[in-house]
Amino acid sequence: MISESHKLTLAGLYLLKKIDLPAEDGGLELSAPLAEDLAALAPALERLEQQGLVERVGEPPAYALTDAGLDHLEGVMEEAEALIPSDAGLDEDDALETHAHRGLRGLRERFLWAWYIGELDDLAAYQRASGRAPIDGHWARFLLADALYESLDDPS
């Protein structure tokens, strides 16, 4: 089972990406205080705020990445890009297929890969693709649920 701290770290990475992206690319604006249906995100956002990676800006206030948050996100993206196989001559689809067969070492690598390639962008679609039933339609709750991390950590 994943520790609460590790879960908050990974959920925080998910939120950093979503906050950074424009809405037309799947990003979202998270107002402070959070809407009731997003309340499950509060611990992850509070942690990001304590780490100086996000701050509340504007009126009404919304979460935004700080310079440190942008730097952190860039570093994590570089970490994820390093997971892409360096097989010379493979196009992106072939590289992704090759990577799927070589396996990943641990939950963080699997999460970063899924996060980077967009597999987690729509958590309901991710649940359908991974054979989860019933689908938890409350994405904020699912982001912090053990079920997400157990599915990512399942080697099958």
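**Terms and their grounds**

Me: Why is E79 called partly exposed?
Reply: E79 has a relative accessibility of 34%. Buried means under 20% relative accessible area, exposed over 50%, and partly exposed in between, with a 1.4 Å probe and protein chains only. The value of 34% therefore makes E79 partly exposed. The model is a predicted one, in which local features need pLDDT of at least 70 and side-chain atom pairs count only at pLDDT 80 or more, while totals for chains, interfaces and linings use all residues. Residues are numbered from 1 along each chain as its sequence is written, and side-chain values use heavy atoms, with hydrogens and water left out.

Me: Where is E79 found, and which residues does E79 touch, not counting residues up to four places away in sequence?
Reply: E79 is found in helix α3. Helices (H or I, at least four residues) and strands (E, at least two) are DSSP runs, numbered from the N terminus. With that exclusion, E79 touches R108 and L112; contact means heavy atoms within 4.5 Å. The C-alpha atoms of E79 and L112 are separated by 8.1 Å, and the two residues are 33 residues apart along the chain.

Me: How many helices and strands does the protein chain have?
Reply: There are eight helices and two strands. From the N terminus on, the elements run α-α-β-β-α-α-α-α-α-α.

Me: What share of the protein chain is buried?
Reply: Of the 156 residues, 37% are buried. The accessible surface comes to about 8700 Å², and 50% of that surface belongs to carbon and sulfur atoms. Such areas come from the Shrake-Rupley method with a 1.4 Å probe; for residues, only the protein chains shown count as cover.

Me: Why are α1 and α2 called roughly perpendicular?
Reply: α1 and helix α2 (residues 42-50) pack at an angle of about 80°, and their axes are 9 Å apart. Axes are lines fitted to C-alpha atoms, for helices over the stretch in contact, and angles run from 0 to 180 degrees between N-to-C directions. Angles under 35 degrees count as roughly parallel, over 145 as roughly antiparallel, 65 to 115 as roughly perpendicular and the rest as oblique. The two helices are therefore roughly perpendicular to each other. On the α1 side the contact is made by S5, L8, T9, A11, G12, L15, L16 and I19, and on the α2 side by P43, A44, L45, R47 and L48. By class, this contact has nine nonpolar, three polar and one charged residues. Ala, Val, Leu, Ile, Met, Phe, Trp, Tyr, Cys and Pro count as nonpolar, Asp, Glu, Lys and Arg as charged, and the others, Gly among them, as polar.

Me: What makes L48 buried or exposed?
Reply: L48 has a relative accessible area of 4%, and therefore L48 is buried. Leaving aside its neighbours within four places in sequence, L48 is in contact with G12, L15, L16, L53 and V54.

Me: How do you know whether T66 is buried or exposed?
Reply: T66 has 13% relative accessibility, so T66 counts as buried. T66 is found in the loop between β2 (62-65) and α3 (67-81). Its contacts, leaving aside neighbours within four places in sequence, are G52, L53, V54 and E55.

Me: What makes Q127 buried or exposed?
Reply: The relative accessible area of Q127 is 1%, and therefore Q127 is buried. Q127 is found in helix α6 and, leaving aside neighbours within four places in sequence, is in contact with R132, P134, I135, D136 and F142.

Me: Which residues of helix α8 are buried, and why are they said to be on the same side of α8?
Reply: In helix α8 (residues 146-153), the buried residues are L148, Y149 and L152. They cover an arc of only 90° around the axis, which puts them on the same side of α8. The arc is that of the directions from the helix axis to the C-beta atoms. An α-helix has 3.6 residues a turn, so residues three or four places apart point the same way. The cover over the buried residues of α8 includes α1 (4-20), α5 (106-117), α6 (123-129) and α7 (139-143).
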